[in-house]
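Me: I would like to learn how to read a sheet in a model. Could you take me through one, step by step?

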Amino acid sequence: MIAKIGKGSNMYGAILYNQQKVDRENGAVLLLNKIPDTIDGKYSVAYFHKCFEPYLSANIKTEKTVRHISLNPDPKDKVSDEQFTEMAQEYMERMGYKNQPFIVFKHTDIDRTHIHIVSTCVGIDGKKIPDDYDHKRSMAICRDLEQKYNLHKATEQEQKQADKIFKKVEQQKGDIKSQMASVVRHLPKYYQYTSLGAYNALLSFFNITAEEIKGERNGKPVHGLVYFALNGKGEKVSNPFKSSLFGKDAGIAQLQKHFEQSKEKMKTNPARSVLKNTVELAMHTTNNEREFKKQLAEQSIHTAVRRNDNGRIYGITFIDNGSRTVWNGSQLDRNLSANLFNEWWNNGNKPELKTQHISISKPNTIDDLPAKDLFEFIPQEHSANFDMGLFSLLPDAQGVDYEEEQFAKRMKKKKKRRRL
């Protein structure tokens, strides 16, 4: 089982993201903890948000007050609602959130049925719940839950992925060739990527880029790769290095084989659905490119954005360092293509959903609160219209980044015209 811990400041957006799944009958509320029942057994986004307000208002100095956690069993695991509820309760108790308000949502819109837990790290006294080493503690809890509920283990793969740590190339340290070799020689053993563009997106985070060379020499065709070191601004700061200097795995022929092998593996890789959900949530709960990238980076996901000379975004790639996979936006979902992010970040047009009312049926279980707290939380009204500021999701898609391909074709045509 894989756990993802998101830390943010937009409680409304986190609740709304999950509630949208319920409204579309792609989800359900399994458990409410420290959140009181209502008179009619119906709930709204505004009501749930109101239940967190006393904690958020009491906050003393915590910047990221929201905790959004997903627990993702292997797709082959068959987990009942009762088991999901028990796992969520045990997980939150051991993480120190037993006395916090939290909502457990089940999602069924992808091949991996999983749960999301929305809570706050601020206690009613305004103090932050300690979260030191929370990722280590979370991993240990997941291993225990796997054993307790006889789930498929993620330990072996996670350990293999964690064994190798790559370092960025730093020009000032000298011996650039050796620094580059320690990355380039080994990336194919640890990461999966399906194109040269995805490979370069990954390389860029280690201050390296690769360029394809095509032509003729002495009447014979030449096709290969050369590598350059980059500085922090993405500018070349070294002479080109032939791929042969780094071994056959760094050459174009072997990389193309790796692309094809990765395509097959990534078609069924469960990391895709987890990453898709994580990216979608970041879109709902952030306001700009900087916030979006930062939120994903905190979950070991790096975002590479490709822009042309005019600043237009024509490609976006996500590097999931947890699963060691590299995905173009449209590989995750057609609605996550480069064009959507260009409209949002360059033109200020954040995707929106039509205004509609959301409510859910009474949950299975509710933790009781003292009567004085119950009346404080009961809202006067439970029906209202809300501007969601969300986008409509299309069915999952596995494929290439069509916009990036079209952009590349247009650039090739321009080059041909210039030659003429």
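Reply: Note that this is a predicted model.

Me: Which residue stands opposite Asp320 in E11?

Reply: In general, strands of a sheet pair through backbone hydrogen bonds, in a parallel or an antiparallel way. Here Asp320 has Thr325 of E11 opposite it.

Me: How many residues lie between the strands in the hairpin of E10 and E11?

Reply: There are four residues between these strands, and Arg324 in that hairpin has a positive phi near 55°.

Me: What joins E9 to strand E10?

Reply: Seven bridges do, and E9 and E10 (residues 313–320) run antiparallel.

Me: In what order do the three strands lie in the open sheet?

Reply: The order is E9-E10-E11, with antiparallel pairing. Strand E9 (301–307) and strand E11 (325–328) are at the edges; each has a single partner strand, so one side of each lacks a neighbour in the sheet. From one strand to the next, the twist averages 20°.

Me: Which helix lies across E9 and E10?

Reply: That is helix H13, residues 338–345, which runs at about 110° to E10.

Me: How many of the eight residues of E10 are buried?

Reply: A residue counts as buried when its relative accessible area is under 20%. In E10, eight of the eight residues are buried, so this strand is largely enclosed by the rest of the structure.

Me: Now the cysteines. To what does the count of disulfides come?

Reply: A disulfide is a covalent bond that links the sulfur atoms of two cysteines. To be counted, a pair of cysteine sulfur atoms must be within 2.5 Å. By this rule, the count in this model is zero.

Me: Is Cys51 buried or exposed?

Reply: Cys51 counts as buried because its relative accessibility is 1%. Cys121 is buried as well, with a relative accessible area of 0%.

Definitions and conventions:
Residues are numbered from 1 along each chain as its sequence is written. This is a predicted model: local features need pLDDT of at least 70, side-chain atom pairs count only at pLDDT 80 or more; totals for chains, interfaces and linings use all residues. Side-chain values use heavy atoms; hydrogens and water are left out. Two strands pair if DSSP finds at least two bridges between them. Helices (H or I, at least four residues) and strands (E, at least two) are DSSP runs, numbered from the N terminus. Axes are lines fitted to C-alpha atoms, for helices over the stretch in contact, and angles run from 0 to 180 degrees between N-to-C directions. Contact means heavy atoms within 4.5 Å. Buried means under 20% relative accessible area, exposed over 50%, partly exposed in between (1.4 Å probe, protein chains only).
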